[in-house]
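Subject: Structure handover

Hello,

Here is the structure I promised to pass on. My notes follow below it.

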Amino acid sequence: MGKRSQNEAATPETSHVEESVLLNGAPNHSSDEDIDEDSELNDEAENGAAVAAEQTATKTTHNGPPTKKQRKQITAQEVQLARETAELFKSNIFKLQIDELVSEVKIKDSYIVRAEKVLHRLYDCILLVPPVENLTLREAEQIIKAKRVAIPFPDPKPSNPNYRFSFLQPEDVSLVGSFGLKTGIAQANGMAIDIALTMPKELFQPKDYLNYRALYKRSFYLAYLADQLIPITKKSNLPVKISYLYLNDDVLCPVLRLESIKTDNEEDLSFHKTKFTINILVALPFGVFEAKKLLPDKNCVRVQSDAEELPPTPYYNSSLMSLTTYDYYLKFLYANKKSTEAFKDACTLGRLWLQQRGFGSSISKGGFGHFEFAILLSALLSGGGNNGNKILLHGFSSYQLFKGVIKYLATMDLTQGYLSFTSQFGETSACVYNAQGFNTPTIFDKSVKLNLLWKMTKATYQELRLNAINTLTLLNDVVFDRFDSILLQNVGSVEAMKYDVSYTIETPDELSDSYGALEKITFITYDNYIKNKLFSILKNALGERTTCIMIKNKKVASSFPLNKRNNTHQHSKSYVIGIQLNPDECDKLVTKGPNDTEDEQAAKFRAFWGSKTSLRKFKDGTIQHCVVWTTEPLQPVITQIVNYALSVHFHPLISKYLTSHSSVFNALLPTPLFNSSLPTTSTTNFTLLKNSFDTLSKIMYTLQLPLGIKSLLPASSGVRKTSILQPVAFAVSNPDFWNDVIVQFESSSRWPDEIKALEKTKTAFLLRISEVMSNETNYTSFLTKDDTIPFNEDVSLLNILTPDGFGFRLRVLTERDEIIYLRAVANAGTDKQFVQEAYFKFNQRYIGSVKHTRTIGILSTSFPYYSPTVRLFKKWLDAHGLLCHFTDELVELIALKPFLDPAAYTVPNSVEKGFLQVLNFIASWNWKDDALILDMVKRIDGEVDELDNKLSDKLSVQAYQLIQENFDKIRKSDPVGVKTQFFVGSRDDPSGILWSNKLTLPIASRLTGLARVVIHHVKENEISKSGLDLFFTPALNDFDLVIKMKKNDLLKSSGVQKADQLKNLNPHQTSFPSDLTTKYDLTKPFVDLISKWFGNEIIFSTRLCPAAFGEKTNYVSGVFVPTAISKKKFRVTLGLDVKPTGENDEVVVDKQDILDQIKNLGGDLIESISFGK
C-alpha cells in the first residue's frame, strides 16, 4: 500500500488567480443622491448626455482623480448625468440584442412566397362559390350537406325566424392580422394567416344587431362557404383540411380554419412545411349598424325576465361590433406603421413579451395580445396623457416605443380610469386618459364606439399590469443585463413558479342551475360566468391579502369539426386559481371590516362572512366587525379563507372539489417538538434562540475580564433562521445545535505577533471566561479544539450550554489575526498554496460568516418566506447527499436568488414558489459562463429610506464590473470550471469564491442534473404528493457503492416531531444528557475520516440530518473517480491503493482492499455495504 496523499490542491496558476481575487478588497460605495426614475430621452437629449459624459471623462483624465473634498461636492446634476449615460449605454446594448432577436424570428422569405401563392389560389376558389338568396331556415339547412357541414349557430339556435338567409360574393376580401400588417414572426407551433371576407351590406336589416340575428346570418354564410370550398379546393389542387375555430375563444365568432394536407401529387399546392394555417374570417360591413346602439351599457338581447330592466350585454355588443372592424383597424395600424419607422420591431417585442407571460388576444390567454398591444402603441403616438400630451414620439427607437407602452401599462390604471382615442383618419382630437373609469379594463375608440379590451376581465388586467410593473423595474435596471428575463424567458409555463398559491377546482354539475337567462346574455358562456363568480368571491374575501388573482380553465379547445354545430367540449370542468400574495397582509389572523357605526357597510360584511363575523375592540379604541382565523401547522391562512368563502358563496361542499399543494409542500418541512401547533413556516423557535443569545450577550458584557468584551457577533445558520431543523431546547442531535459566535475584545497592543502565541493567549482568555461563568452564572461551559483551520492546531473553542437549552460556540478574533495570516501568505514561498488555504478558512470562519449572518438576518426579515424556502432547499440537497459538500453560506446565497432577483418572476411569498424558483434557477444556470452576482438589498418600490441605505447599499455599476472582472480572471485560467464551478459574488464577497472554493466538478454537475430533472417533471406533469416524494428520494443506484449505517434513533434529541404521533406522547427534552456525544450522529465524522484516507479514489456523500426525513438510519454513498481507477504505470508517489494488472508495470485501484479498510474503520457503525450500478 502506497503512502496516502491529500486531495489534489489547485494548480499554482489557478491558485494565484484565486488568491488575487480573494484578496481584492470590496469596492468603494458612494451613496448616490435620490434622483427621479429615468424619463424617455429624445435623440438630442441622448447625444447631449453622451457629449457631456465625454467631457467629464476628459476633465477627469487631465486633472487626476478627485480629492475627498471634491467628491463631496458632486452635484445632483452630475449624478443625473451619470445615470443617463449608463441608461444610454444600456439602451444601445439592448438595441443590438433586439436587432439580433428580430432577425432570428423573421419568417423565411420562401415561406412567404409559398403562402402568397396559396392565398391567390384560395382567392380564386372563393370567387367560384355560387350565390344563393332568400332561403328560409329550413331551406338553408337543406342546401348544406348535413353529414359534411353543420351551420355553427350560436346558442340559442334560431327557430322560425321571419328573415332570410343568403350567400352573395363578398364585397371585399382582405388580408388582415399580423401577416397582412407584416408584423408576424416565426413560431414553433406555426402562424395563422387571417383573411377577412366582408358580407354584402344588402344582406342585413337595421335591426339585425338584436337577438343574434346578424350572427345567425353570418353563421349560414360561413357554413355555406365551407360546404362549397370542400369540392372547389380539391378540384383546384389546393389540398386543405377545413374545420371550425372559435376566433380568440369567442363562441359568437366561429371562423374557418384551413390546414394543409401533405400529398404525393406534384400539382397540388401544399404548404405544410411552412406550418401556416389560414383563418377565413367572415366580417360584417363597417358601419352596418348604428354604433351607439351597441355601446357596452346597452342591452341587445331580449329575454323574458321578472327583472324591471334587462342587464347590459357588453360581451355580445363588443363581439358583434368587432366583426365590422377587421379591415378598418388594419388600415389604422398600417398608417401608424408607415409614419413610425420602429413600429414593426416594437410590435414584435410586444408580441414576444406577451407570449412569454402567457398572454394573447384569445379570452383564455387574457384578452390582450399582439393586436391590442399594437392598438395601444398607435394610440400613445397621438397622446395618452391626462391632458392629451404625447407619451410616444414617431422618431423613437423600438426599445423606446416598447418601454413606453410597458411604462404606460404599469403606471396608468385602465380600470379606475380609461384611455379614449380616435382611429378616424383626418381627425385631430388627441388620445386622452380619463381618470373616471368604468371599473372594467377600457381602451375606448370614440370613432368606432368599441372598447378594445372587451375580452379582458379585471383579473386578467390585474395580472397584465403586475407583469408590466415588474418589467418596467427590469428595464430601469442599469446594472444587470435584463434582455433574457424580459423577452426570452418563458414565465407562464408552470403556475407553481408564477403564483404563490394555486388551487384546482372541479365545478359541480348542480352549479349550472344558477346559470339562468340573465346570466346567459351577460356572460354568453358558462365558462365566463364561473370565472367571474369565482373572482368576485375571492376578491371580496381576500382583499389586500393579494396582489393578483388569476382564474383560467385547465383545458380550452376552440377548434371543432365542420359536422358539429358547436364545440360542446370547448371548456373542461376544471379551473386553476392562481394567487399572488401581499407578504405584509397574507398571514394576518384577523380580517378587519367596517366600524360598528357604519351600518350599511357592516350589513354587507355580515352578509358575506355569515357566522364567522364578530365585533371586537382594538388597542386604538376602535370597535370593528372582523373575522378571526386560526393557525394550522400545514395549511396557510389564505387557504382557510378561500375554503370558507367558497363554501358559503359557491358550493357548500367545496372541500370535495378544491385541492391545493401548499399543505403538501409545508408538510415537507420538519415539524419541531416545541411549538408544533404553529405553521411549519413559522420562525418563532428561531426567535427563542435569538433571545437566548441576547441574554448570553448581556451576561458576558458584564464579566470582569483582563480585557472587556467589545462585541459578540453571531455567525450561525440558526441565528440566520436558515438551519434545516428549527432550533429546539436541549436538542443536541440537531446538526446545527452549536451556534458560532465571534468574540472581539477591546483593543490592545499587547496581543502576541506570532500565530501560535496568539492562539494560546486566546485560549487563556476563553479559560478565564469559562471559569468566571461557571462561578457566577448557571451556564455550563467547556473548551474543545478547533481543527477547521488547516495547519493551525492551537485554535480553541469555548462551548457554552445555556439554562434554556441552547448551545453556543465562541471563537476569539483580534485585530492582529488577519495581519498575521496575510503576512504569512506574503512570506510563504513554495508553501504559499497551503498558507493561502489556511487564510481562506480563517476568512470564512471569522470574517465572512459574520458579514453573511448580518446580511442574511436583515434579508430574512424582509422576505418572510426566505427562511422556510432555504430550509426546504437544504432538505432537498440533504436527501440526495449533496448538502455535505456545500457550505451553509453557499446554499443560502443560491436560495437568495429568486428573492433578490426573481426576474422574470415575482418575489416568492410561499414555500412552493420559492423552492421551485430556486431549482429552476439552478437548472438554467450556465455556471461555466455566467457568474451569480447578488445585489444584497431588498428591492423597494418607490423611495428607499435612509435606514435601508445605511444597512445595505445597492450594488453600483462599478462594483458589478469589479465582481465580473474577478469572474473573468478565474475563467481565463479555468475555462471549463474544473477547479472553480460556482462563482457567487456580492458586496460582502467580491471574490465570488469564498464559499464555493472547495466544491468539485462532479458535485456541481450532479446538482444541475437533479434540478433539471425536477423542473422537467414539474413542467410536464401536474404537481402531486407522489411526485414531491420522488423529488426527495435519493437515486442510490447511481452510486458505485452504498454503505448502510446501523439504526440510531435521534428524532427526539434532534427536536423533530414524529409523523402521526400525538404531541403529549412525544414531549421535547427538558435537560441536557450527561454525555453529549452519546446523542451525536457519527456518520458525518466517519465520512470525514474515510474521505481523508480515500478521497483521491472515491467521492463520498451522506445525509447530515436523517431526522429531517423522520428516519433512524443513514447511508453513505460513493463514486469512484474515473481518473483514479484507470490503469496507470506504477510509481512510489502514486498515492493510491493499487494492485498489479499483470501487464508490464501497470496497476489499477484495488477496490476490494479499499472496501475492507472502510469496514475496519467503520466497525460497528456499518450495517452493510452494497454495490450500485
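This is a predicted model: local features need pLDDT of at least 70, side-chain atom pairs count only at pLDDT 80 or more, and totals for chains, interfaces and linings use all residues. Residues are numbered from 1 along each chain as its sequence is written, and side-chain values use heavy atoms, with hydrogens and water left out.

Helices and strands are DSSP runs, numbered from the N terminus (helices are H or I, at least four residues; strands are E, at least two). Buried means under 20% relative accessible area, exposed over 50%, and partly exposed in between (1.4 Å probe, protein chains only).

**Backbone**

Start with the loop between helix 6 (137-143) and strand 2 (165-167), where proline 156 lies. The peptide bond from aspartate 155 to proline 156 is cis, with omega near 0 degrees. Asparagine 160 is in the loop between helix 6 and strand 2 too. Its phi is positive, about 50 degrees, although asparagine 160 is not a glycine. Asparagine 160 has a relative accessible area of 76%, so it is exposed.

Another cis peptide bond joins alanine 903 and alanine 904, with omega about 5 degrees. Alanine 904 sits in the loop between helix 27 (888-900) and helix 28 (911-924).

Phenylalanine 791 is not a glycine either, yet has a positive phi of about 65 degrees. Look for it in the loop between strand 22 (780-785) and strand 23 (796-801). Phenylalanine 791 is exposed because its relative accessible area is 55%.

**Strand 7**

Strand 7 (residues 277-283) is mostly covered, with seven of its seven residues buried. In a regular strand the side chains alternate between the two faces of the sheet. Here both faces are covered: Thr277, Asn279, Leu281 and Ala283 are buried on one side, and Ile278, Ile280 and Val282 on the other.

What pairs with strand 7? Two strands pair if DSSP finds at least two bridges between them. Strand 4 (residues 192-198) runs parallel to strand 7 and is joined to it by seven bridges. Strand 6 (residues 254-260) runs antiparallel to strand 7, with four bridges. Threonine 277 in strand 7 has alanine 192 opposite, and glutamate 259 also stands opposite threonine 277.

**Aromatics**

Rings of Phe, Tyr and Trp (its six-membered ring) pair if their centres lie within 6.5 Å; planes under 30 degrees apart count as stacked, over 60 as edge-to-face and the rest as tilted. The whole structure holds 56 aromatic pairs. Take tyrosine 329 and phenylalanine 371: ring centres are 5.8 Å apart and planes at 70 degrees, so the pair is edge-to-face. It links distant parts of the chain, 42 residues apart: tyrosine 329 in helix 10 (residues 326-339) and phenylalanine 371 in helix 12 (residues 370-380). Tyrosine 329 is buried at 2% relative accessibility. Phenylalanine 371 is partly exposed at 29%.

Phenylalanine 480 and tyrosine 960 are also edge-to-face, because their centres are 5.2 Å apart and their planes at 70 degrees. Phenylalanine 480 lies in the loop between helix 14 (458-475) and helix 15 (483-488), and tyrosine 960 in helix 30 (residues 957-973), so the pair ties together parts 480 residues apart in sequence. Phenylalanine 480 and tyrosine 960 are both buried.

**Salt bridges**

A salt bridge is a side-chain nitrogen of Lys or Arg within 4 Å of a carboxyl oxygen of Asp or Glu. By this rule there are 44. One joins the side chains of arginine 565 and aspartate 155 (2.6 Å, N to O). Arginine 565 is in the loop between strand 14 (559-560) and strand 15 (574-581) and aspartate 155 in the loop between helix 6 and strand 2, so parts 410 residues apart in sequence are tied together. Arginine 565 is partly exposed at 24% relative accessibility, and aspartate 155 is partly exposed at 35%.

Lysine 874 and aspartate 888 form another salt bridge (3.4 Å, N to O). Lysine 874 lies in helix 26 (residues 866-879) and aspartate 888 in helix 27, so the pair ties together parts 14 residues apart in sequence. Lysine 874 is buried at 1% relative accessibility, whereas aspartate 888 is partly exposed at 23%. Salt bridges that share partners join Arg720, Lys874, Asp888, Glu889 and Glu892 into one network.

Best wishes
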